[in-house]
Every structure is written in structure tokens, then in C-alpha cells.
Amino acid sequence: MKRSTWSMLLGTLLGNLILPASAALAMPPVMPPTLAGTWTLAAADVLHSDGSRTSDFGATPKGLLLIDKQGHYSLQIFSADRPRFSGGDKAKGSDAEYKAAVMGSSTHFGTVSVDSARNELVFRIEGASFPNWEGQQQHRQYELKGDVLSYRVPPRPNGDVPISVWRRVDAAANAH
């Protein structure tokens, strides 16, 4: 065979091997079916450096975590004790009202995948109520027992470790 024919054959062969591999790497992460779905917040605690554990968003926090089969997620956690703004106008709250609103909520969205080898959820945060998290990739040790998902958030500057516990929403029980 001529040299140009060999070059063409080699180029075609390599292209057929490399392109499918690179396309697979570019695909978005697929969420294991066990995590895809709707989750409601069961607990939002914080583990302190002295080993004690307390509620982080009050005794009855509210929250929702939605994960689709492609790994897109939306997460909201709210303290049930957040006070309403006395004037009823979001643009005219007091310093205390603004602080309570910010500290009484945690929301973010993006994509999430599972690193099975490290037993971690990997959150790629696109948008968040705490702007410093935007663009971050956060790894969280997790545990899934039946319909209960729990994970530890990266430690805060003071060493406290938030722990989120979610319960899967039973679709059959909520069907009308």
C-alpha cells in the first residue's frame, strides 16, 4: 500500500477509537436511579468540634431536594422560625430581618453525581444563596439507607460540620 493510504487508514482507525471515547467523557453524569427523585428534609443539624450535635435551622426545618435522572438538582433548606418582615416590603427590611432571612436559608442548584469509589456525592454548584459557593465543586460523604439520604457538608470556618438528612417522597402516597 502507498504511504498516503496507510495514513488515511490509520487516521480513520484512530478517529473511530478516540471520538467515541471523548464523546462518552463529555456526556453529563448520569444519576443512579436510587438518588433520582424528590426528597423532603428530615433534619438539618450541625456537628460541633466538641462532638455535640444541634439543630442548624431550628427544631422543624423545611426543605426540598429534587434530583433528575441526568443529575440536575435543586435544593432548598429553610428555618421554619424565620420571622416575616414587619413592613411587608422585602426592599425595606431591617438589618435583623435581612440577617434572619439569609441565615435562615440555604439554597443551591447545579448537577450532582456519585463518586462510588470514595462514597461521595459531588455537587457542582451553578447558583447558590451563598454566592461564594457558586462555581464550586463540593464533595460530601453520604449514606443511603432505604429511603433516607444523609450527607455531611464541608466544614465551616469555625469547624462546625452541617449534616443534612433527607427522606424520599413516596410518589404512590401523594398520587391523587
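Lys145 counts as exposed in this predicted model, with a relative accessibility of 56%. Its salt-bridge partner is Glu143, and the closest N and O atoms of the two sit 3.8 Å apart. Glu143 itself comes out as partly exposed, at a relative accessible area of 42%.

By this rule, the count comes to five salt bridges. Another one of them pairs Asp56 with Arg156, with 2.4 Å between the closest N and O atoms. This pair links distant parts of the chain, as the two residues are 100 apart: Asp56 belongs to the loop between β2 (53-55) and β3 (62-67), and Arg156 to the loop between β8 (148-152) and β9 (161-168). As for accessibility, Asp56 is partly exposed at 22%. With buried meaning under 20% relative accessible area, Asp56 at 22% therefore does not count as buried. Arg156 is likewise partly exposed, its value being 32%.

Next comes the bridge between Asp147 and Arg168, where the closest N and O atoms are 3.1 Å apart. Asp147 sits in the loop between β7 (137-145) and β8, while Arg168 is in strand β9, so this bridge ties together parts of the chain 21 residues apart in sequence. Asp147 is partly exposed, with 44% relative accessibility, and Arg168 also falls into the partly exposed class, at 24%. In general, side chains of opposite charge can pair when their charged atoms come close.

On the backbone side, Asn119 stands out. Its phi is positive, about 55°, even though the residue is not a glycine. Most residues other than glycine have a negative phi. Where does Asn119 sit? Its place is in the loop between β5 (105-115) and β6 (120-128).

A word on confidence. The protein chain has an average pLDDT of 84, and 78% of the residues score at least 70. Residues 5-27 are another matter, with a pLDDT below 50 over that stretch. How many contacts does this stretch have beyond near neighbours in sequence? The model gives it two.

Technical notes: Residues are numbered from 1 along each chain as its sequence is written. This is a predicted model: local features need pLDDT of at least 70, side-chain atom pairs count only at pLDDT 80 or more; totals for chains, interfaces and linings use all residues. Side-chain values use heavy atoms; hydrogens and water are left out. pLDDT is the predictor's confidence in each residue, from 0 to 100. Contact means heavy atoms within 4.5 Å. Helices (H or I, at least four residues) and strands (E, at least two) are DSSP runs, numbered from the N terminus. A salt bridge is a side-chain nitrogen of Lys or Arg within 4 Å of a carboxyl oxygen of Asp or Glu. Buried means under 20% relative accessible area, exposed over 50%, partly exposed in between (1.4 Å probe, protein chains only).
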